[in-house]
Amino acid sequence: MITLDIAWYRHTHSLESKLRNEERLQKILTETCSEESDVQLKFLKLAEAMQSFIPFDFMATGVRPLNGERFTDIGYLRVGFDEYQHIGEKELLTMTGLDNKSLYAVIENSHADSNGNIYSSEVSKNNAPNNSLQRILLNCLRMESYLVFPVSLGYGLSVHYFFYSRQPGIYSKAHLAFLNRIKQCLTDLAEKIVYYDTSSSAEGDWPVSPDKKRNKAEFYPGFKSIVGNHHLLLAALDLATQVAPYNTSVLILGESGTGKERVAQSIHELSTRKKGPFIKVNCAAIPETLVESELFGHEKGAFTGAIEKRKGKFEQAEGGTIFLDEVGELPLAVQTKLLRVLQEREIEYVGGKSPVKVSVRVVAATNRNLEKEVAEGRFRLDLYYRLNVFPITLPPLRERKTDIEALTLFFANRFCKEFGKPFSGISDAMIQKICAYSWPGNIRELENVVEQSVVVNDGRTKLQLMRDLSSPAFSLTGKTDVNTFDEIKHIQRETEREYITSILQKTKGRIRGVNGAAELLNMKPTTLESKMVRLNIRKQDFD
């Protein structure tokens, strides 16, 4: 009984002591996060505080998935009781004898844990590929075991904390349980890591200035062309990250100009097919008589003008991804053949007699309501189900207004560099007007507006808004009541017609070339010409 009393006393007081120490650690971590210091110093303080809770000989942290263009992990090797040596890209190259090219090959070959895990030396060395970051660190630092603990930040990004020890079997589930208890503090620190710009460091060091925060989307190479941090956008990109590694068909929904092609490109770049081709097809821009041939190819002599055998877009996309933009525009006959491609993974040439197997991932997009299209008999229900395995809806720009200023700055910088003009900023009046506007043309319309402002800017003054956004062609005011879907289509058609006509008026009817209407509308001249025919836009409309 005395033995049990002593054991209970020790257990109770040990638990109280443990809780007090953990509270102290959480306080230290909270203070560290709020300090105005560089990320390396923050992580060093974390390492010093963690030593008494989780023993380690080397501690590291980094963003996952690994950036194949730059190594940005931070590590500290314990070289004394309270002495730590910083290990960054430069130090790692020196220790391992690798060059930059070899290191990035190692990064490409490395995996990222999705949950907290404990590894022993024997298991790690046997399971980890010879050319992986885990194997390299275990060998060159002579470590026997390690623990990895990831904290997810959403948006497809996570920050991993690594603890390496030269003692085998030193880590246990109790260490993982402890990390889970302080997970929020680790997540807060991880946010500091992700939001810092890494572009200024040639040696993999984390930057020091809190003024250099950047868009999360820009940090990860798969989203380098996407600007914005609005929660609706981030939710859509979270979905894109989740589905990217698989061959699942994806349907991207959203209004025209919301960036559906950019997201499709990101899904391709984040997938295992990233080294394969990414073939884009605008289904609305292909004449109905040529759609089947364009998608599936044709044999010589299959129809008048088929003077040679030609591969279609699906076969060109072999091993990669095909992006079917405006898939709702496909004729019903072609929809039937597309369904077969999705089911059987094979195509048949126009005029051909035998099917051809293809390995292609299909990402489709539309600004139409496909459910209504199915109800009206214009879209096959079975194809809709096949494409709608994993839907992603992109928000219109009017629903993510907090991103408008960032997008404006992005386009302004890009066009100033492209036109060789200095960028002196954007006037307050322009910012106020573009933030108050509803942007029916979404990001594409904003891009055109900014480009026009850059074109006429003298390079010495701030950009001014050169387009009257309150004019009838750019206003949603005065719209009539809508009672049927056909009326919606009519309004959409008329709005598009007025928008294109206004651009043609500004370019004095010039379609091609620099600052021509096609360039301002961000579309191919042939696509614009076909739209003009479809919308019945004549020369007298813009003369």
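Buried means under 20% relative accessible area, exposed over 50% and partly exposed in between, with a 1.4 Å probe and protein chains only. The model is predicted: local features need pLDDT of at least 70, side-chain atom pairs count only at pLDDT 80 or more, and totals for chains, interfaces and linings use all residues. Residues are numbered from 1 along each chain as its sequence is written, and side-chain values use heavy atoms, leaving out hydrogens and water.

**View 1. Aromatic pair F296 and F314.** Both F296 and F314 are buried. Rings of Phe, Tyr and Trp (its six-membered ring) pair if their centres lie within 6.5 Å; planes under 30 degrees apart count as stacked, over 60 as edge-to-face and the rest as tilted. F296 and F314 are stacked, at 5.6 Å centre to centre with 25° between the planes. F296 belongs to helix α12 (residues 291–296) and F314 to helix α13 (residues 313–316), 18 residues apart. Helices (H or I, at least four residues) and strands (E, at least two) are DSSP runs, numbered from the N terminus.

**View 2. Aromatic pair Y384 and Y385.** The ring centres are 5.9 Å apart and the planes lie at 45°, so this pair is tilted. Y384 is buried, with a relative accessible area of 10%, whereas Y385 is exposed at 54%.

**View 3. Helices α3 and α4.** The axes of α3 (residues 89–96) and α4 (residues 100–108) come within 11 Å and cross at roughly 100°; axes are lines fitted to C-alpha atoms, for helices over the stretch in contact, and angles run from 0 to 180 degrees between N-to-C directions. The two helices are therefore roughly perpendicular (65 to 115 degrees; under 35 is roughly parallel, over 145 roughly antiparallel, the rest oblique). E89, L92 and L93 of α3 meet N100, L103 and Y104 of α4, contact being heavy atoms within 4.5 Å.

**View 4. The five-stranded sheet.** The open sheet has the order β8-β9-β12-β7-β13, with parallel pairing; two strands pair if DSSP finds at least two bridges between them. The twist averages 20° from one strand to the next. Helix α10 (residues 231–243) packs on the sheet, touching β7, β12 (361–366) and β13, and its direction makes about 155° with that of β13.

**View 5. Surroundings of P331.** P331 lies in the loop between β9 and α14 (332–344). This proline is buried, with a relative accessible area of 16%. Leaving aside neighbours within four places in sequence, P331 is in contact with E288 and V291.
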